[in-house]
Amino acid sequence: MEHDSFRWQIVRAAASGVFAASYAFFVPYMILPALNFVYWPNATSLDKNYKVHIVALAGAILGSSLAGIIADIYGRKQLYRLGPFLLLIGAIGLAGASAGFNNSTMSILGWILFWQFVLGIGVGVEWTLSGVISAEFAPAKHRSRMMATIFLMHPVAYWVVSSLVLILLISLERSSGLRDEIDHHRAAIAVDKLWRYLVGLGGIPALITLFFRAGMYESPRYSFDLAEERPVDEDHRPFTESDIRFSSYLTPSQFLRDLGNWRHLAGISICAFILNAAIGSLGGDNYRVLAQTWDFSDRPTNTTSLYAWNDVQSGSASVGEAIYKVLFDMSLHSIYTMSIVSVVGSLILIILVEHCPRRTLLIYPSLALAIVFAILATFVQITAPTTPVPEIAATILCYGIFNIGPNLILLVMPTELFPTSYRATCFALVYSSGKMGSILVQSIPAVLYSSNQHGRVYFLYSMMGCLLAISLFSRVWLPTYGTLPFPHRRFRFARYRSLRLEDHFKEVKKPEKMAPGFRGMFRGLRRRLNRGPEPRDYTE
């Protein structure tokens, strides 16, 4: 298996799942203005927005946790179709959600939350499964590029969703004259079609994923390590017990305590929590934050009605023009702020990932993010409402740096550091930690849902400190690996080899060599201080 070439069929099967999950996860952020316009046009609070976001994130955490446990106990193959199936059913159910006869027999919010929870579970299952199978099917020399190519679909899905909103808006304008509509009821009918079309289209990538995974066999590493039926090699020789590495049979106590893996798992999870909370505070997927960031006018943002569809301050001559402008600007600003730069950053990472150690791609981008966060908080605090250009530039730079390193490395490391019997569970814990960071941001209204920017400024400064702390956690709790160059060199620097999953416990005998921990770091510093400078030989 280590002699295989770049496995495009695995990339296709996993990338389609990541695209379907990312599409389903991003759609609720894009349809919230439409839902507010259709069902709650006079709302003065944001409690319904909180609920939609929190339910989606909670579903992703539950789905990822269950998928990790099931995949480690019963095998990866059991989940090949579960994630896409949940995404398909969730998309159909959410697109058909209804309030019943005369909007009085059922709660539309209840149905939206229910189907959003189902979609969230599907998202968590699909992300965990795609990450694990992409690592286990890939040979070491191509694993980093394969995973970078697969998770490139995450920003691509964001771009596609935003572009589809623009396309559907233009289509509705031509068919129903949405922008000239002055009656809220007729405008709401057109907007209701838009968000249902957008959600329903999410079933197409789920169907494609089901097609690509039809007949897909069990992960060879899981079969080799844990399955009862052992595969055979190219010479049809059954694998013997001596071929099976001992790490597959570790107890939880041996895995976490004796081998020191608790430090690796805690370090990666803390970094995922901080980075997702930090990137969530930028608000690139929140239409209110985007509107404030790109607001070149000096008109106030506070109104008696939350969305002010009929307010003169909206600058619109009709209700249809108001919602059209909100949705159009949100989609366009999302593409400019987040989608384009995220895709570019992910493409750069595909080139760099084979030439840099894993920890390097986590530490230095995190330090760069801390610096840009400080600049962004300063711009948000001191710049006038008529000069948002510095804030826009800093936000775009943050998304680019995030996708050049940390976004992928935090998903690659749990698949390479932990043995097969715990790989999916550890990946799920890291992924769930990141979503908990996103829940933290959504749970603080002053960060994303307030017209007063002081709360967001304070949170950005606090995230700057947390991003600086990532370098410390990465230094003491994360291992240094992936730094063994190939015999040949490419370009002007060495190409680094990924750690073979089978050789993890052969190449590294003691966990102290992988991550020193706080005590190990201080002991090393004390030894250096006591040793003093090296004596020089002046006899020559």
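Is C398 buried or exposed? I looked this up before anything else. The model is a predicted one. C398 is buried, because its relative accessible area is 0% and the cut-off for buried is under 20%.

I then turned to C426. C426 also counts as buried, because its relative accessibility is 2%, under the 20% cut-off.

My search of the whole structure gave zero.

Then came cavities. I searched the whole structure and found four of 30 Å³ or more. The largest cavity has a volume of about 560 Å³. I noted 32 residues lining the largest cavity, and those closest to its centre are H154, N276, I279, F402 and K435.

Which helices supply that lining? I listed those that each give at least two residues: α1 (8–39), α6 (153–176), α11 (261–280), α13 (319–352), α15 (389–404), α16 (406–417) and α17 (420–442). The largest share comes from α17, with seven residues. By class, I recorded 19 nonpolar, 11 polar and two charged residues in the lining of the largest cavity.

I moved on to the second largest cavity. This one holds about 90 Å³ of space. Its lining includes W127, F151, H154, P155, S346, N403 and L411. Two or more residues of this lining come from each of α5 (140–151), α6, α13 and α16. Here α16 has the largest share, three residues. I sorted the lining of the second largest cavity into eight nonpolar and four polar residues, with no charged ones.

One last entry concerns H154. I found H154 among the residues closest to the centre of the largest cavity, and H154 also lines the second largest cavity.

How values were computed. Residues numbered from 1 in each chain as written. Predicted model: local features only at pLDDT ≥ 70, side-chain atom pairs only at ≥ 80, totals over all residues. Heavy atoms only, no water. Disulfide = S-S within 2.5 Å. Buried < 20%, exposed > 50% of the residue type's maximum accessible area, 1.4 Å probe, protein only. 1 Å grid on protein atoms, 1.4 Å probe; cavity = no way out; pocket = protein on both sides within 12 Å on 5 of 7 lines; lining within 4 Å. Points joined across faces, edges and corners; volume = space filled by probe spheres on them. Helix = DSSP H or I, 4+ residues; strand = E, 2+ residues; numbered from the N terminus. Nonpolar A, V, L, I, M, F, W, Y, C, P; charged D, E, K, R; others polar.
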